Amino acid sequence: PIEYPEYEVMLPTGEHLIKFLYDTSVSLIEELPEPYRSIIYEKDVKCEQLQTIAEKFDCNLSTVKTRLRKARQDIALMMKEKYPLIVNFYLSHETI
């Protein structure tokens with residue numbers, strides 16, 4: 001039988017993990033279709049209030065909330081597909 005030396009996978013931790021997840025999420029926003037891309041960008045990157053976003057896009061507050069929820073779900077799925085090791089590591093630790 002073939003023996004493989006043990007190796008350790010280096011995953012980002014602490015502040016590096018948070019920065020990686022943030023940067024990756026922001027880059028994945030660009031892959032979302034409109035109007036989800038604009039709404040999540042306004043809320044999660046620019047930190048705009050939901051009511052302000054609703055007024056800016058001329059839609060009601062519940063529409064903004066629904067689109068934001070969908071955008072966040074899509075980002076989470078893309079993260080799980082592209083970076084399963086890091087997402088699983090992050091989800092398995094209560095504190096960073």
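This is a predicted model: local features need pLDDT of at least 70, side-chain atom pairs count only at pLDDT 80 or more; totals for chains, interfaces and linings use all residues.
In which crossing, left-handed or right-handed, does α1 pass α5? Helix α1 covers residues 14–29 and helix α5 covers residues 84–92. Two packed helices are described by the angle between their axes and by the distance between those axes. For α1 and α5 the angle is about 125 degrees, and the axes are 12 Å apart. That angle makes α1 oblique to α5. The crossing in which α1 passes α5 is left-handed. On the α1 side, the residues that make the contact are L17, F20 and L21; on the α5 side they are I86, F89 and Y90. By class, six residues of this contact are nonpolar, with no polar and no charged ones.

Helix α1 also packs against α2. Helix α2 is made of residues 36–45. The axes of α1 and α2 cross at roughly 150 degrees and come within 10 Å. Angles over 145 degrees count as roughly antiparallel, and α1 and α2 are therefore roughly antiparallel to each other. Y22, V26 and I29 of α1 make this contact with R37, I40, Y41 and V45 of α2. Six of the residues in the contact of α1 with α2 are nonpolar and one is charged, while none is polar.

Between α1 and α2 runs a loop that contains P35. The peptide bond that joins E34 and P35 is cis, with omega at about 5 degrees.

The next partner of α2 is α4. Helix α4 spans residues 61–82. Here the packing angle is about 95 degrees, with the axes 9 Å apart. Angles from 65 to 115 degrees count as roughly perpendicular, so α2 and α4 are roughly perpendicular to each other. From α2, the residues Y36, I39, I40, K43 and D44 take part in the contact, and from α4 they meet V64, R67, L68, K70, A71, R72 and I75. The contact of α2 with α4 has seven nonpolar and five charged residues, but no polar ones. I40 of α2 has a part both in this contact and in the one with α1.

C47 is not a glycine, yet its phi is positive, at about 60 degrees.

What lines the largest pocket? Its lining is formed by I18, L21, Y22, S25, I75, A76, M79, K80, V87 and Y90. The elements that each give two or more residues to this lining are α1, α4 and α5. Eight of the lining residues are nonpolar, one is polar and one is charged. The space in the pocket comes to about 210 Å³.

Methods. Residues are numbered from 1 along each chain as its sequence is written. Side-chain values use heavy atoms; hydrogens and water are left out. Axes are lines fitted to C-alpha atoms, for helices over the stretch in contact, and angles run from 0 to 180 degrees between N-to-C directions. Helices (H or I, at least four residues) and strands (E, at least two) are DSSP runs, numbered from the N terminus. Angles under 35 degrees count as roughly parallel, over 145 as roughly antiparallel, 65 to 115 as roughly perpendicular and the rest as oblique. A crossing is left-handed if the near helix is turned anticlockwise from the far one by less than a right angle, and right-handed if clockwise. Contact means heavy atoms within 4.5 Å. Ala, Val, Leu, Ile, Met, Phe, Trp, Tyr, Cys and Pro count as nonpolar, Asp, Glu, Lys and Arg as charged, and the others, Gly among them, as polar. On a 1 Å grid over the protein atoms alone, a cavity is a set of points where a 1.4 Å probe fits but cannot get out, and a pocket is an open set with protein on both sides within 12 Å along at least five of seven lines; lining residues have an atom within 4 Å of a point. Grid points are joined across faces, edges and corners, and a volume is the space filled by probe spheres set on the points.
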